[in-house]
Amino acid sequence: MIREEQGAKASYVLLTLVFLAWCFGPSVIRRFTREAFVEFQAPALELAGRSRDLARYWELRTRSTEELAEAGRDLGRINAGLELRLIEMKGLAEENARLRTLLSYGPAPEYRTVVARVVARDSTGWWHRITIRKGRTDGVRPFSPVVFGNQVIGRVAQVHLNTSDIDLITSPGFRCTAHLDGDEQRRVVLLTGTASGSRGSALVTNVPKDYGAPAGQEARLMTTGIGGVFPAGLLLGHVDGPFRPTPKGDFREAEVTPPRALNSIREVAVLVPVYPTPGEQLTESRVDDFR
Amino acid sequence: MSEGTGPEILPSTPVSKVRLLTVFGLMAAGMTYVMVGLGVRQLVQSGELKVQSDSQSRRVVLIPPARGVIHDRAGHVLVENRVRWSVRADLPELQQQVRAAYLRSLRLARAAKTPVDADALLEQARVQVLQQWLDKVWTVIDTPERKPGSPTARRREVPLAKHKERTVNVEELRKHLRERRALPFTLIADLAFPDPTGKEGAPTPEEGNRSVARFIEQFPSDGPIRLESDIVRSYPNGPMAAHVLGYVKDTDVLPEPAEIDQEVLALQKLRHTGKTGAAGVELTFNADISGTSGWELWTKTSAGYNHELIRKVDPQKGGDIMLSLDVGIQKTAEASLAKIRAPDGTPLPGAAIMMDVRTGEILAIASQPGFDPNRLAGRVTSAYYDEIDGKGGWLNRATQGLYAPGSTFKVINAMAALRKGTVQWDDVLDCGPSFRVGNRDFPEHDPQGYGPVDLEVMLAVSCNVWNYQVGLRTGADAIAAEARRFGLDSQLLVTADGTELPYPAGRGLVVPDAAYKARLPNGAGPWSPGDTANLSIGQGYLLTTPLHMACFAASLARGQTRTVPTIIHDPRRDGRHAGAEPIGLRPDQMAAIRSGMERCVEEGTARSLQIPGLPYAAKTGTSEYFKHGAKAHLGWFIGYAPAIEPAVAFCVLIEGEDDATWGGKTAGPVVRDMLLKWAGKATQFDAPVQAPPGEAAR
Amino acid sequence: MNGSWFLLLLATYPWLLVSDLVSDVMVDTGLVCFLTGAAVIAPARRLGRGPAALFALCVGLMFEARRPIADGWLAFALAFAALSICGPQRLLRRPAAIWMAAIGLNAAATAIWFLLGGFMAASEGSQVSIVNGVWFGLLQVMVAAACAAVAAPFMLRAQESLMDRLGVPEVREA
């Protein structure tokens, strides 16, 4: 009996010691452990994702041939239109490159696109994340922007071997510079995800007091492309509701609605910068700085 | 759970109840934790791990308002507020890192057996940690975007190499810890615009924006380093009209807060630093443009950090004002002044003024050398202060510079004579190369003399001898009275309520007479005919400012005795001037004076400065003064344009280095540039520009 | 210490995976179907202190791994909870008590991770709305309690039967 009690006490003491060692020990241990547990779960998540795809496949199999033929026709039409746009774009890209050389502008950052399926989604009051089925082995790197069409979805928060976690633009860690529709001076405003404690939302801050949204439409927020992470001209969202003055009275701010229901997206594209940004290189050391 | 396989469930024992309670206790604790914890978190964020119950005292934080914008008469922005992005470090959050660095260096010091100064080590640790973070910030901002094989990209990608805020300012840190420990420490005060004047190496606005964007998108947001933005005073035209616009300085005395109770006001105050006008319009109209402070009422922790916000009132932005200046003319005046240089290439000091004849609104008022108010808006380096001081840049020569008006005063001398009847406008006097007064020869500026000269010719060629003769006939008292009639002894830029006053022009003005000379110390002696001769050509004791002479020219153009100049634009001005009366000379006398001034441009001392299609009236002046112990010339040029139905009056003064400076030759080109600029945009003024050719040829 | 705790962990994981998938379905509500806390109860009752703590650590870390919560805090909290449950005087014998304990521990663990998540969110420099946070936190705690109430009987039964097969001894008499 006494031995039991001593054992109990010893186990608490031991666990406390392990906890302290965990907290103050090298961050490598924590990182390794986290990675291990992610990788442990990854196959199951992947399996779940794939079975969802399979279900979708069988669902499509039940469609009638006519339906499919019609869809094929529609696609053909869209395809023809896109072919035309492609030729147009090529011309524009060439002109852009020529103008850049002419004005001795720096080159536009180069990205490699990694298309990935969403395998899991996870939202709480504090974070809004999705997990995608591409990871380090596919060349995904942390900090890379994640887009869907011309819309920003978020940015890569963590990269694992075969999966990556994406912070959506409504997540508190998300920060991005933006231009507002109709602001001829192209002033830089700031888009941040907010930790509202409940529903996810984003906030545009640093809006100049004299900014007026174009009449009759919601102001759109587009990426600036000057921060070195996001390419220019991607849609971040629409201003939702009125601009409120900020506490100091210098600026205004407003809620921003993401371009689409971020949670219903099934496939995204990760834009991995060909050359790592300095900020990306800082992230490694960051882990240690805050412990 | 184990009904099928395990033993039957036994009634719970007292011991097991304790265990069960433990689990429920855990659950209750968890629930409490989530509610209390979020409150606690706020304190953890502000670096405070423990809130002590006795710490609930309160404090007021005053928040400065944004200042109003200053426009020119067409609405162009002269002074505005721009976004300033500053990088700040949250010191409480860095405490752990500082402590670690401190302990490290303490260990090293002990190991090396060197004497340990704990305070110095702690400061060293603080600086070291902050410097590490600062280096990271610059890494993110500076590292060029990589793109092999593209040299152009690299060239444009190193914009902020000259940014000064690359090392932690130890002095500032000490001051911060002493005075504002509770607020974040500023590592980089102005990330985007380290030098808004665009001097070499300074980034363009685009490059500044890029630095900010890079920080926002790439720097970890969950660390102790934050980017904060506020609004600062910005002078987009740099040194343009700096003396008039003035500049702002940091102040702890903020504008009166709104809706604040006496009880709250009496609490301990923590102030954000605000801005207050330090000179020029910024100072004069400070009350109008500074707005109303906001405030926040906080509870604070025992360590002095803010805890919980109880109430807040937002600050109110100050009102905008519209100056009478015209940016185009102002810029032309300054650029033209800057072209006037001494033989060694340094720009000569000087002033240029152009004003609306009808309203007295000043369209341009330039004084060189000047300064850049942008560089005075934040922390002013003593080097820059001394630089301005060294070249005499603080003085507004247009309103504060006191000079002998020289030959431009001959117009007043002539008017005094006409009024007293000591000469008629068509009297022809014989003017030789000099004129003897007492036992001294007063020289003509042309050694040949001018021979027979009437009033018109006198004004055209600026004959001295005519003025000596007439001045002696008229007498000093009458000449001084005429000068006073035109307000040469009274302060300007003061309206009835005494508020409209960028600078009081006219401290130290002198319109001399016998009584004045009698008051002079050290036996200057009684007033002599020689003094009168000097006065008649605007020399001697006479001292006035360029603004006074510009006002005189405007008054003359209107046929009145006074012009009240103003720097504020008001489209409803009725053109009435306080104290103004008709000049009181006969029309033929006035016509002769006007004609003389027109002939000055057509055939006289200013004949090289004609503007085709824009006849104007002018009087040049070249007076002597002592500079660095040697005789040098002041070049003057006053007048109005167009000759018929005048719309603008002007005055330019140049301080020469030697006797190579002349009113027409040196100061005249500035006037011509201003008039050309003005004529190009004259449609916006009330008066017509172009007189019919027939009339102009008078 | 034998490997039964690990086998038990493998057997428990599908339950946790299902809870993750349910969370995925509920994603628009922002609520998480959380079962990790409830999963600790049965092993903690019957396994020894060491294996129980290890098991709790592992399930905790599994939840934390993909989420922005400070590493290890939830896991160690669960491990301490597991230690307090196992011991010489095994107290949880009645199914009702076990069920209640599962609900309680699940709710408490939810409170902990929710708080930790808020902590991380605020350290990202975001404005945190405390009022929203508290209400949403309470809602999340209630949802977790409900999840445990519904799923725990089945999960615990599965865990118990596995332990029986693995030969883990039943709770001894005091």
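Predicted model: local features only at pLDDT ≥ 70, side-chain atom pairs only at ≥ 80, totals over all residues.
**Entry 1. Chains C and A**

I found 39 residues of chain C in contact with 39 residues of chain A. I then asked which helices of chain C each supply at least two residues of the side that touches chain A. They are H1 (4-25), H3 (49-65), H4, H5 (95-123) and H6 (130-166).

**Entry 2. Helices H2 and H4 of chain C**

I next turned to H4(C), residues 73-85, and its packing with H2(C), residues 36-46. Their axes are 9 Å apart, at an angle of about 35°. I noted the crossing of H2(C) with H4(C) as right-handed. From H2(C), the contact draws on Gly37(C), Val40(C), Ile41(C), Ala44(C) and Arg45(C). From H4(C), I listed Leu78(C), Ala81(C), Ala82(C) and Ile85(C). By class, I recorded 7 nonpolar residues, 1 polar and 1 charged in this contact.

**Entry 3. Strand S12 of chain A**

I examined strand S12 of chain A, residues 267-273, and asked how many of its 7 residues are buried. The count is 5, so the strand is largely enclosed by the rest of the structure. For burial I required 20 or more other C-beta atoms within 10 Å of the residue's own.

I then looked up the pairing of S12(A). Strand S1 of chain A (residues 111-123) pairs with S12(A) in the antiparallel sense over 7 bridges, and I located Val114(A) opposite Val270(A) of S12(A). Strand S3 of chain A (residues 145-148) also pairs with S12(A) in the antiparallel sense, over 2 bridges. There I found Ala269(A) of S12(A) as the bridge partner of Val147(A).

Methods
Residues numbered from 1 in each chain as written. Chains lettered and ligands numbered in written order. Buried ≥ 20, exposed ≤ 12 C-beta atoms within 10 Å, placed from the backbone. Helix = DSSP H or I, 4+ residues; strand = E, 2+ residues; numbered from the N terminus. Pairing = 2+ DSSP bridges. Axes fitted to C-alpha atoms, helices over the stretch in contact; angles between N-to-C directions. Left-handed = near helix turned anticlockwise from the far one by under 90°. Contact = placed C-beta atoms within 7 Å. Nonpolar A, V, L, I, M, F, W, Y, C, P; charged D, E, K, R; others polar.
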